[in-house]
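Reader: I am new to this structure. Please take a close look at one part for me, after a word on the whole.

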Amino acid sequence: MPTTGLRPGRGHVAGVRCALVRSLPILVLWSLASAGAASASGALHSCGTSVHGDSGTGWCSGSGAFRLIVACEDGEFARSSWLTVSGDRGVVGVSCVAGSRAVGAEIEEEPAR
């Protein structure tokens with residue numbers, strides 16, 4: 001019976017699996033440190049956006065200030081006013097000018113002073 005020279009469990013897939021298993025503790029520690037730093041500083045977190053029709057909605061939890069920027073299909077941008085959140089959740093919405101659809105949105109955090 002011919003052999004390939006590979007022992008069971010020692011092929012390319014096993015090497016990839018071992019690399020993933022070795023890097024998993026590092027990834028877990030990095031994500032815990034990042035989450036801990038964000039909650040310790042009281043920064044904004046759990047932010048998200050959605051667009052529908054001619055408008056967009058954005059939200060964040062935590063503490064800080066943010067605004068929503070919506071990209072409109074006519075090339076313009078609609079910007080909300082700054083919303084300050086203090087240990088809670090804030091939601092803000094903004095619409096494109098008449099007749100233009102919203103094609104994307106993002107949250108902009110207010111720079112530290």
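What does the accessible surface of the protein come to, and how much of it belongs to carbon and sulfur atoms? Then, where does Ser-100 lie, and which residues does Ser-100 touch?

Author: This is a predicted model: local features need pLDDT of at least 70, side-chain atom pairs count only at pLDDT 80 or more, and totals for chains, interfaces and linings use all residues. Residues are numbered from 1 along each chain as its sequence is written, and side-chain values use heavy atoms, leaving out hydrogens and water.

The accessible surface comes to about 8,000 Å² (Shrake-Rupley method, 1.4 Å probe; for residues, only the protein chains shown count as cover). Carbon and sulfur atoms hold 59% of that surface. The protein has 1 helix and 5 strands (DSSP runs, numbered from the N terminus: helices are H or I, at least four residues; strands are E, at least two). From the N terminus, the order is α-β-β-β-β-β.

Now to Ser-100. Ser-100 sits in the loop between strand 4 and strand 5 (102-109). Ser-100 is buried, with a relative accessible area of 4% (buried means under 20%, exposed over 50%, partly exposed in between; 1.4 Å probe, protein chains only). Across the protein, buried residues make up 21% of the 113 residues.

What surrounds Ser-100? Setting aside residues up to four places away in sequence, Ser-100 touches Asp-54, Cys-72, Glu-73 and Asp-74 (contact means heavy atoms within 4.5 Å). With Glu-73, there is a specific pair of atoms: the backbone nitrogen of Glu-73 lies 3.4 Å from a polar atom of the Ser-100 side chain.

Definitions and conventions:
Polar contact = N/O pair within 3.5 Å; in protein donor to acceptor, adjacent residues only side chain to side chain.
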